[in-house]
Amino acid sequence: MTLEARRSIFSRLVLAAIGLSLALVLVLWFVTHQTVVTTLNEGAAKEVDVDIAGLVDIYATSGLDELRDRIADRVALTPAEGRTPHYLLANDAGERLAGDLTRWPALDPMVSEAGAIAIGEKSRGFARAVQLGPDLRLLVARRTDASAAVLRNIAIAFAIGGGMFVLLVALLGRLAALDLQRRIGRINLAFREPGKAVELIGVRGRDEIDELAGHSARALERQRGLMEAYKETSEQLAHEMRTPLSHLDNRLLKALQAEPAPRVAERLVEARAEIKRLVQTLESLLDIASSKSRRGDKAGLLPVDLSAMVTSLCELYSGSAEETGHSLTWEIAPGVMIDGEERQLSRLVTNLLDNALKYVPPGGKIEVSVGPGPVLVVSDDGPGISPADRKKIFDRFYRGQGHSHDAHGSGLGLALARAIAERHGLQLTLEDCVSGSSFRLEG
Amino acid sequence: MATHDAAQSHAVVQCGRDGGMTNTPLRILYVEDDQRTAAAVSELAQASGDVLIWEENGSAALLRAGMEAFDVIILDRMLGDIDGLTITRRLRESGIGTPILIMSALGRSSDRAEGLDAGADDYMAKPYEPDELMARLRALHRRSAGKEHQAVIIYGSFECHLKARTAFRDNQHLSLSPKEFELFRYFMENAGEMVTREMLLRDVWNIDFDPQTNVVDVNIGRLRRKLEEGFGTPALETIFGSGYRILEGK
């Protein structure tokens, strides 16, 4: 059985049904076996008791010799129906006076004890012993070998019938499981390909699974509608903002090309930079919304060499860190892979590096590490983050105390970093540190 | 310092303003439904001596692209009839390999990825930097002409040996780190043209957004020092607010 089959609830249900029906057949066989044994034993006991009553009567009325003759007659006579009788008339020492049995079994005649005995080498029987008089005891038995044949036949019948029953259960269970598997499989496929939800699991309303399929199709349709509305809105928003900003930027550029006074030129350059920042803020907000809407959705993610990517980014930032008087060091375990969107992950890491370079004073240390897991840590020995800021540090437009007038930060870097992490099913947290701050990304 | 004679190498491309390669007028097909943007870009193309044919809608653009030859195509994404991504796909499906630059108001990473996946060669978001637009168009044209696959690129006093990954100035070996070589190579492939920070980030570091730290300037500064150390003349020109250009260094 494949791993997938072992994991499937339907395979397990079929196996359980087979196990249960097998147990049911065994219990039924056992009950039948016991009932038959009891009934046969009761029949034998009744025959034995009737026989004893007759022989006791003969002994009482006609004496020992007559009893011996009658026993000899009965031994010589093989009955056409019923069980073969066996007798032993013996004295208290167990010495045979009449009958075909030779050895007195462990049955006490004083209490008319009854039970199973061996008859000859191979046969078994049911016997009762009675005390007829002083130094005279009688054992009457019936062979029960015929009962064994009946029981064997019953066992064979149960084995064949039970086997067929179990096979039928397995077959029906498998068919039912396949049908359920197909229907549940379509619901699962619809979640993997939401665009085909209605086509895959159209509402039919037959049973609970159809009801579930209907709910799923409607939920997926709603989700798709929301995603489309979001995409349309964000595209329109981008278009309606960027196009006029583009015209405005063009005008500013033309004004700059007309070689205005240096002071005016400076203002124009600043205005163009403001436009750029505005566009970046808009983009970051849309990126955050987009990442959040796809939180934990692993569709479309490809294997990314996190080690190579982070190393390249650290190398890119090393010059800037050196220039600003920071010590940037990195310790990257080789070959750490992650399923992700490379550009988005690059953005996450650069946002953390930008953040460190922005808030750690010159002379400070910034350390980057990547390990299996994957785990990425960007830590520094800067002033750290005050307890009041810690909870809000990942909020949009939150710049932290003392940085509210920082014109260079959009206040979206860490919010976007966290949204990207969540989109990849990762956690980005601020670790507790004695000094400095440490951001940890892990799966 | 190691020296080298480039004349011994094969497949040498001589770049330069005098070579007539970098300033060849481009024939551009421009598809844009916003008249003001179209007017601004037309003006830009005219100023640089290029020929720009403007189409306002996608179906007319598809027709024209099928009938006439262009050096590059600039496509807007959100057009009235057919969107830019569909136009790109249809052009590629019909075997038209003309370089396509999508210039759109949709400028997020995912939008760029969509554009490039559809078959576009480059992607710019509005508001655009006019110099950057022209630089990218020329880079696209050069790339499509196959000039970047040469073994050696020579520009002024510089030599870039692509297979051996070595760099020379005035036949003297320049000791560059692997990333510095990538940067140098990019400048040499775009010799005589401006390259912007965005182009460098995208093509050298695979980053399609603007980091908050001046990482490009610092890395260019380091490369500049290596290119200029021991030589009397500047190697890289900074074009204020726009980008950089490699100089002949003579």
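Colleague: Which helix holds A177(A)?
Modeller: A177(A) sits in helix α3 (residues 145-192) of chain A. Helices are DSSP runs of H or I with at least four residues, strands are DSSP runs of E with at least two, and both are numbered from the N terminus. Bear in mind that this is a predicted model: local features need pLDDT of at least 70, side-chain atom pairs count only at pLDDT 80 or more, and totals for chains, interfaces and linings use all residues. Residues are numbered from 1 along each chain as its sequence is written, while chains are lettered from A and ligands numbered from 1 in the order in which they are written.

Colleague: Why is A177(A) called partly exposed?
Modeller: A177(A) has 19 other C-beta atoms within 10 Å. With C-beta atoms placed from the backbone, 20 or more others within 10 Å make a residue buried, 12 or fewer make it exposed, and anything in between is partly exposed. The value of 19 falls in between, so A177(A) is partly exposed.

Colleague: What does A177(A) touch, not counting residues up to four places away in sequence?
Modeller: F10(A), L13(A) and V14(A). Contact means that the C-beta atoms, placed from the backbone, lie within 7 Å. The C-alpha atoms of A177(A) and S8(A) are 9.8 Å apart, although 169 residues separate the two along the chain.

Colleague: How do you know which parts of chain A are "transmembrane region"?
Modeller: That label comes from an unreviewed UniProt entry, which puts it on residues 12-31 and 154-177 of chain A. The positions follow the numbering used here, feature names are shortened, and annotations may be inferred rather than shown by experiment. In the model, residues 12-31 of chain A are 100% helix, with end C-alpha atoms 28 Å apart. Residues 154-177 of chain A are also 100% helix, with the ends 33 Å apart.

Colleague: What makes β2 and β3 of chain A edge strands?
Modeller: β2 (96-98) and β3 (114-119) of chain A each pair on one side only. Pairing requires at least two DSSP bridges between two strands. The open sheet has 5 strands in the order β2-β1-β5-β4-β3, with antiparallel pairing. β1 (residues 85-90) of chain A pairs with β2(A) over 2 bridges, and A90(A) stands opposite R96(A).

Colleague: What makes R165(B) and N171(B) stand out in phi?
Modeller: Most residues other than glycine have a negative phi. R165(B) has phi near 55°, and N171(B) has about 65°. R165(B) is in the loop between β8 (158-161) and β9 (166-169) of chain B, whereas N171(B) is in the loop between β9 and β10 (172-174) of chain B.

How values were computed
Two residues are in contact if their C-beta atoms, placed from the backbone, lie within 7 Å.
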